[in-house]
Amino acid sequence: MGSYRIAAIPADGIGPEVIGAGIEVLGALQRLDPELRLAFTHFPWGSDYYREHGVMMPADGLDALRAFDAIYFGAVGDQSVPDHVTLWGLRLAICQPFDQYANVRPTRILPGLSSPLRDCERGDLDWVIVRENSEGEYAGMGGRAHRGHAIEVGTEVAVFTRAGVERIQRFAFELARSRPRKHLTVVTKSNAQRHGMVLWDEVAVEVARDYPDVSWDRELVDAMTVRMVAKPKSLDTIVATNLHADILSDLAAVLAGSIGIAPTSNLDPSRRFPSMFEPIHGSAFDITGKGIANPIGAFWTAVMMLEHLGERENAARLMRAIEEVTASGVRTPDLGGTARTADVTAAVCDALAAVHA
Ligand code: ATP
């Protein structure tokens with residue numbers, strides 16, 4: 001058990017609501033386990049900060065974050081600031097310099113919830129998507145020329161390095177190995193994209209040789225959407241590029257019940273830098289400030305953060321409490337219920353006390 005320094009960056013939209021709820025349940029967890037000490041420091045960065053200062057975070061923001069054990073992040077995006085400014089100004093401005101190259105997104109149907117897929121039972125959908133998080137289509141390479149003229153051009157160059165591809169595939173094979181099914185699906189688009197994506201395929205064959213106990217297959221990203229819907233049971237661990245996995249994991253989340261429940265971690269597996277934990281959903285402007293945001297994604301995210309910190313028992317405890325609450329029927333409107341964020345938060349705090357007793 002230990003003491004950890006956590007940087008909280010709730011940022012935009014429903015971020016402050018769900019991160020506030022997450023800190024509340026982590027507080028309840030600490031009260032039950034006095035040896036667990038989580039010291040939160042709040043950073044008021046995001047779109048409001050941008051309106052005041054012209055930047056999403058200060059120039060020395062990364063230095064301020066460096067000493068923390070983890071970052072607990074809400075959501076970024078604002079209706080009056082362009083998305084590329086908010087995203088590159090905050091989330092990617094942290095992920096890339098801190099080399100958080102492995103974005104891990106577990107998805108499964110929690111007790112009491114159901115999939116919109118007609119014949120999909122709870123155990124039929126149990127996946128972890130590993131998203132390459134440092135290069136690919138979101139490497140930031142490209143540019144604009146002839147601005148404002150009829151011949152204006154914009155290029156967006158996907159960057160795939162052998163080192164970058166190999167490290168994410170190794171990470172995914174390791175993760176697949178740690179799960180009961182020991183199966184990995186490598187997703188590309190190597191029929192149409194014949195350079196970087198073919199490199200992915202070739203590296204997968206090489207890396208797979210080191211994991212003879214892990215079965216693996218390949219899928220093109222378009223066929224993958226069909227397989228996720230038609231044969232969810234055939235999948236377990238999945239690895240894909242930055243863009244492909246970004247899209248597939250939103251689909252995965254909704255197939256498991258709601259985008260409001262899905263967590264993610266942006267990991268620097270070398271632990272040179274703090275890793276960052278966030279629900280996969282965005283700012284959700286349509287429900288911001290209404291008190292009905294589903295906090296389960298932020299809670300599950302806290303579970304991933306505790307696991308990363310080595311707090312396995314506390315992580316398992318919190319996950320059990322979350323599952324008891326989903327099973328009990330306390331649900332926000334995105335899951336068909338009438339509960340408010342505060343109701344779900346209180347229910348998870350109560351369930352924690354019961355789990356601990
Ligand atoms: P981004 O591009 O930043 O991922 P987005 O604009 O594509 O975000 P979201 O902000 O995630 O999408 O919202 C998509 C839909 O899901 C909205 O209708 C939103 O209300 C709903 N939603 C997202 N998160 C939650 C949540 N935690 N609870 C309830 N509904 C949510």
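**A tour of helix packing and the domain contact**

Start by selecting H10 and H11, where Arg-317, Leu-318, Arg-320, Ala-321, Ile-322, Glu-324 and Val-325 of H10 meet Val-344, Ala-347, Val-348, Ala-351, Leu-352, Val-355 and His-356 of H11, contact meaning heavy atoms within 4.5 Å. By class, this contact of H10 with H11 holds ten nonpolar, one polar and three charged residues (Ala, Val, Leu, Ile, Met, Phe, Trp, Tyr, Cys and Pro count as nonpolar, Asp, Glu, Lys and Arg as charged, and the others, Gly among them, as polar).

The model is predicted, with pLDDT of at least 70 needed for local features and 80 or more for side-chain atom pairs, whereas totals for chains, interfaces and linings use all residues. Residues are numbered from 1 along each chain as its sequence is written, and side-chain values use heavy atoms, with hydrogens and water left out.

Keep H10 (residues 312–328) and H11 (residues 341–356) in view: their axes come within 8 Å and cross at roughly 125°, and the two helices are therefore oblique to each other. Helices here are DSSP runs (H or I, at least four residues), numbered from the N terminus; axes are lines fitted to C-alpha atoms over the stretch in contact, with angles from 0 to 180 degrees between N-to-C directions. Angles under 35 degrees count as roughly parallel, over 145 as roughly antiparallel, 65 to 115 as roughly perpendicular and the rest as oblique.

Then move to H5 (residues 162–178) and H6 (residues 196–208), which pack at an angle of about 50° with their axes 9 Å apart. Among the residues making this contact are Arg-162, Ile-168 and Phe-173 of H5 and Trp-200, Glu-206 and Val-207 of H6, and by class it has nine nonpolar, one polar and four charged residues.

Finally, colour the chain by domain, with 1–101 + 258–357 as domain 1 and 115–256 as domain 2, bounds that come from an automatic or database domain assignment. The C-alpha centres of the two domains lie 24 Å apart, and the contact takes 15 residues from domain 1 and 15 residues from domain 2.
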